[in-house]
Amino acid sequence: MSENTERPRGEMVTFSLNGSYVQADPKWSLLEAMQFYGLNIPTLCHDEGLTPYGTCRLCVVEIGKGDRSKLVASCMHPVREGLEVRSHSSRVMKTRKMIMELLVARCPSSKKLQDMASMMELKEVRFEPANDDCILCGLCVRMCEEQMAAKAIGFAGRGTDRYITTPFDMTSDECRKCGACMYICPVCELRCQGPQAETTLCSGCINTEPVCAEKYDDATCFMVPCLSCVKGPMDVK
Amino acid sequence: MTVDESKLDSIIDKHDVEEGSLIPILQDIQTEYSYLPKEALEHVSQRLNIPMVQIFGVATFFKAFSLKPKGKNQIHVCMGTACHVRGAKNVLENLERELGIKAGDTTDDGEYTLETVNCVGACALGPVVVNNEKHHGQMTPIKVESLLSTKPV
């Protein structure tokens, strides 16, 4: 690339990511910056081609230090000079697991949710399964509006009664039946055992990777699969 | 119900024809027709250039909007905490029995709409029933019947 397209260094912001200082474009969200630096942050409602929405909350990170730290959805939070970000602290991991547990309880028939739960080593779901077919992530609504320019589907109702529908719950003239909403939906894909699975949590693929070294408060091992400290098969449950 | 487009246009023209005027326009339509007719929403969608699904979302989000025609007399039974402990449930049940409808419905002759609300801010008077914006305090299942027999305008 020519030098003209390169951004002057002064325009970058520097912030602390898991203890190391990194630079990022001020237009980026925290999630984009973390993905740029190769961190694997679980997301459900985020898609590169769509505006961030911040509903699934799986991408939470901890910002600030000590007692003043707080959890924010990284897909909606801009990078800022001097920010202190921890993407895998124990508080973040605990929160993510809880969110995942709630999501799986809502839609236990989704393969994508089950796979993510396995990746997070979720061992149990303590909630009554709702067997719903929508997590209200809004991906289909944004897909329809932003990429397909159809604006055929949207949210209706409020609170616990919120659902996705066409105007007046009838077949919409705007809908071209392109199927983009189904393509992007994270819960449309059925899990391997089919819709009538006996357990809420699949656990089919859980713990196939040996559990790595203990996680420390601020740091975690990002090697997938683990290469440095493989334990014996007896450690794998 | 047929919707008069010129009447709708006069409602819309009272406001700025832009996205931000959607709620005031819907409120005026709601006052005019006592509900939001589908044809009216379609007209608003065209005039303001707002997708129909967004208008539908707004109309279903707010409890002040209704997509079903409402009765001439609107009865709101307060189900707030204070009214609840003083027997609002019995008042509501008797109203439902008298009118032959469930809360949220309208009678077939279009006279009454019965709804529950969560607090009308007159807890000392509980149980409160609001009949056409007139508050009636310390209601009992018996008193409610006289409320229905003396029909307001």
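Trp28(A), Phe36(A) and Tyr37(A) are linked into a cluster by ring pairs. Rings of Phe, Tyr and Trp (its six-membered ring) pair if their centres lie within 6.5 Å; planes under 30 degrees apart count as stacked, over 60 as edge-to-face and the rest as tilted. This is a predicted model, where local features need pLDDT of at least 70, side-chain atom pairs count only at pLDDT 80 or more, and totals for chains, interfaces and linings use all residues. Residues are numbered from 1 along each chain as its sequence is written, chains are lettered from A and ligands numbered from 1 in the order in which they are written, and side-chain values use heavy atoms, with hydrogens and water left out.

Over all chains, the structure holds six aromatic pairs. One of them is formed by Phe168(A) and Phe56(B); the pair is tilted, with 5.3 Å centre to centre and 50 degrees between the planes. Phe168(A) lies in the loop between β7 (163–165) and α5 (180–184) of chain A, and Phe56(B) in helix α4 (residues 52–61) of chain B, so this pair joins two chains. Helices (H or I, at least four residues) and strands (E, at least two) are DSSP runs, numbered from the N terminus. Phe168(A) and Phe56(B) are both buried. Phe61(B) and Phe62(B) form an edge-to-face pair, at 5.0 Å centre to centre and 75 degrees between the planes. Phe61(B) is partly exposed, at a relative accessible area of 35%. Phe62(B) is partly exposed too, at 32%. Buried means under 20% relative accessible area, exposed over 50%, partly exposed in between (1.4 Å probe, protein chains only).

Charges also meet rings. Lys38(B) lies over the face of Phe168(A), 5.6 Å from the ring centre. Within chain A, the charged end of Arg162(A) sits over the ring of Phe155(A), 3.7 Å from its centre. The rule asks for NZ of Lys or CZ of Arg within 6 Å of the ring centre and within 35 degrees of the ring normal.

Now the interface. The contact (heavy atoms within 4.5 Å) takes 15 residues from chain A and 11 residues from chain B. About 1100 Å² is buried between the two chains, and carbon and sulfur atoms give 75% of it. Val53(B), Phe56(B) and Phe61(B) supply 52% of the area that chain B buries against chain A, more than any other three residues. Buried area is the accessible area (1.4 Å probe) that two parts lose on being put together, summed over both.
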